[in-house]
Amino acid sequence: MKYALGPVLWYWPKEDLFAFYQAAAASQADIIYLGEAVCSKRRAVKFADWMALAKELVGAGKQVALSTLALVESPSELTELKRYVDNGEFLIEANDMGTVHMAAEAGLPFVAGHALNCYNAMTLRLLHKLGMVRWCMPVELSRDWLCALLAQCEELGIRGRFDVEVLGYGYLPLALSARCFTARAEDRSKDDCQTCCINYPHGRAVRSQEDQQVFVLNGIQTMSGYCYNLGNDLVSMQGLVDIVRFSPQGTDTLEVINAFHANETGHAPLTLIDQQHCNGYWRQMAGLTLVE
């Protein structure tokens, strides 16, 4: 089983982001995704910066993929997106069907990100035909769903023709909106947001009337209130999952990779009960549920 660091979904200052990736270069992560996947207004790190960082990580022995926006709204975003697709060196993670078709038209392989609505083997066969080499399962799907879907892939003759990646750790990316919740909370318009999300390096918590943290707001993105953690579900992934993804929360995430690695056979279980963690979706239960 391989381990991947997904793109940083929060908006961190450039120096903090680069410090994180310097630490990641020495981590047990096999694959590292780079790039802005949430909001095009987050411009502290430019395309040239991502490319330079990608080359450094490759030099450290990592596989690198460039993640792209999951919500494309303007011609300027399309122009920037084309730069990523045409980068000439690194695999692209497509989080929007427009990106899928850009890659397909250029004859380039791509990763199908979990933001794509891909829930059956027929869709996977189409994506594979277009050039998909890796599929990231939508975060709300369960192990049972994955088993059934891969059985369908076997029937279609495409089982084993692409890697299966599952998000195993981090706040779950649930939805995107054309509106910016973080800007609205500061009484700003989206056009004049001043990228205020940089003031919330781990998002803004949303609590229910019962004081349960049900969501985390990250700019235009809504995330789960609890941190998804499949560290004690790795044994159940055997034969199904090729890559486990970690959504970066900070340098502590690199230690979590070590803990997952130690528990691959189930002999070093993680202690989760006293923390705000969940694994319900994988168990085909309510998302915020935690089953030890």
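I first counted aromatic pairs, taking rings of Phe, Tyr and Trp (its six-membered ring) as paired if their centres lie within 6.5 Å, with planes under 30 degrees apart stacked, over 60 edge-to-face and the rest tilted; by this rule the count comes to 9. Helices (H or I, at least four residues) and strands (E, at least two) are DSSP runs, numbered from the N terminus.

The model is predicted, so I noted that local features need pLDDT of at least 70 and side-chain atom pairs pLDDT 80 or more, while totals for chains, interfaces and linings use all residues. Residues are numbered from 1 along each chain as its sequence is written, and side-chain values use heavy atoms, with hydrogens and water left out.

Next I checked burial, where buried means under 20% relative accessible area, exposed over 50% and partly exposed in between (1.4 Å probe, protein chains only). W10 is buried at 2%, and Y171 counts as buried at 19%.

I then turned to F246 and F260, whose ring centres are 4.7 Å apart with planes at 65 degrees, so this pair too is edge-to-face. F246 is in strand 11 (residues 243–246) and F260 in helix 8 (residues 252–262), 14 residues apart. F246 is buried at 0% relative accessibility, and F260 is buried at 0% as well. Ring pairs join Y3, Y169, F246 and F260 into a cluster.

For charges over rings I required NZ of Lys or CZ of Arg within 6 Å of the ring centre and within 35 degrees of the ring normal. K14 lies over the face of F18, 5.8 Å from the ring centre, and the charged end of R245 sits over the ring of Y33, 4.1 Å from its centre.

Which residues touch the most other members of the largest nonpolar core? A nonpolar core is a set of buried Ala, Val, Leu, Ile, Met, Phe, Trp, Tyr and Cys residues joined through side-chain atoms within 4.5 Å, and among the 80 residues of the largest one they are Y21, L34, W135 and L146. A second, separate core of 8 residues includes I31, Y33, L91 and I243.
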